[in-house]
Amino acid sequence: MKPIIYAVEDDAAIAELYTFTLENEFDCHCFEDGNSLFAALSKTMPDLVLLDIMLPGDDGFKILSLLKGDKSTSHIPVLMVSAKGEELSKVKGLNMGADDYISKPFGILEFVARIKANLRKRMQPDTDSLVYKDITIDFSKRQVIIDGIHIQTTLKEFSLICLLCEGAGKVQERENIFNQVWGYSFAGETRTLDIHIKELRKKLAETGSDASIQTIRGVGYMLI
């Protein structure tokens, strides 16, 4: 499943650019104003919101305030995208809780990279550690501890076990894993993910962990 992005943008040309640029890797939906956004939020929560400042009705700052002030939406990363490039506008947006700010006009590669970076940040919870069964992940020290044993992991293995632990008991689709861990989708048949899963399974087995990685054939993997 592709990450879902909601974009609030009243300029039809820019909204079309968003859709064209993001359609291969993301499920992008564009809205002209805050009312349309909040109507969609009542049905499906996105993984990230792109938010313009100059909008009909409530401006971007007001919408940002509403998003970050509601417990049901405060966790959603908000990337403000606006022609108002003055430093005061950026500072105001960031101080109000925006996760990032990019000025128009922007480079497509930087734009997509900023989105992916903010989605990766969402993988890690606010706490310094994550526990599942006998697995403890210490984010501050970038360590994986299984039943008291410190496990050596590569950077990708660490990101992968974090993703699996955070979504334990739920299927992680291959495409989503590639997007979250590698930051892009792999084309064609690749064994890269399978090799990393094999290594993690080996390390879990060597420690006698109660957790195991299950293959969901044709879909992805799940930590149980």
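The structure is a predicted model, in which local features need pLDDT of at least 70, side-chain atom pairs count only at pLDDT 80 or more, and totals for chains, interfaces and linings use all residues. Residues are numbered from 1 along each chain as its sequence is written, and side-chain values use heavy atoms, with hydrogens and water left out.

The secondary structure of the chain comes to eight helices and 12 strands; helices (H or I, at least four residues) and strands (E, at least two) are DSSP runs, numbered from the N terminus. Taken along the principal axes, the C-alpha atoms fill a box of roughly 60 × 35 × 30 Å. Of the 224 residues in the chain, 46% are buried, where buried means under 20% relative accessible area, exposed over 50%, and partly exposed in between (1.4 Å probe, protein chains only).

At 3% relative accessibility, E9 counts as buried. Leaving aside neighbours within four places in sequence, E9 is in contact with I14, A15, Y18, F31, E32, D52, L55 and K104. E9 and L50 are 41 residues apart in sequence and 8.2 Å apart in space, C-alpha to C-alpha. The side chain of E9 also makes a polar contact with the side chain of K104, at 2.7 Å, and a polar atom of the E9 side chain lies 2.9 Å from the backbone nitrogen of D11. A polar contact is a pair of N or O atoms within 3.5 Å; within protein, one must be able to donate a hydrogen and the other to accept it, and residues adjacent in sequence count only if both atoms are side-chain atoms.

K104 has a further feature of interest: a cis peptide bond joins K104 and P105, with omega about -5°. P105 lies in the loop between β5 and α5. Most residues other than glycine have a negative phi, and most peptide bonds are trans. Two residues other than glycine have a positive phi near 50°: K133 and D147. K133 is found in the loop between β6 (129–132) and β7 (135–138) and, at 48% relative accessibility, counts as partly exposed. D147 is found in the loop between β8 (143–146) and β9 (149–151) and, at 54%, counts as exposed.

Helix α5 comes next. The 14 residues of α5 (residues 108–121) should span 20 Å at 1.5 Å a residue, and the end C-alpha atoms are 20 Å apart, which agrees; the expected span is 1.5 Å times one less than the number of residues. The buried residues of α5 are F111, V112, I115, K116, N118 and L119. Seen down the axis of α5, these residues fall within an arc of 165°, so they line one face of the helix; the arc is that of the directions from the helix axis to the C-beta atoms. On the other side of α5, L109 and K121 are exposed. The buried residues of α5 pack against β1 (4–8), α1 (12–22), β3 (48–51), β4 (78–82), β5 (100–103) and α7 (174–182).

At the start of α3, a side-chain oxygen of D59 reaches to within 3.2 Å of the backbone nitrogen of F61. T73 is found in the loop between α3 (60–69) and β4, and its side chain reaches the backbone oxygen of L67 at 2.7 Å. At 5% relative accessibility, T73 counts as buried.

Finally, R174, I177, F178 and W182 in α7 meet T192, L193, D194 and H196 in α8.

Technical notes:
Contact means heavy atoms within 4.5 Å.
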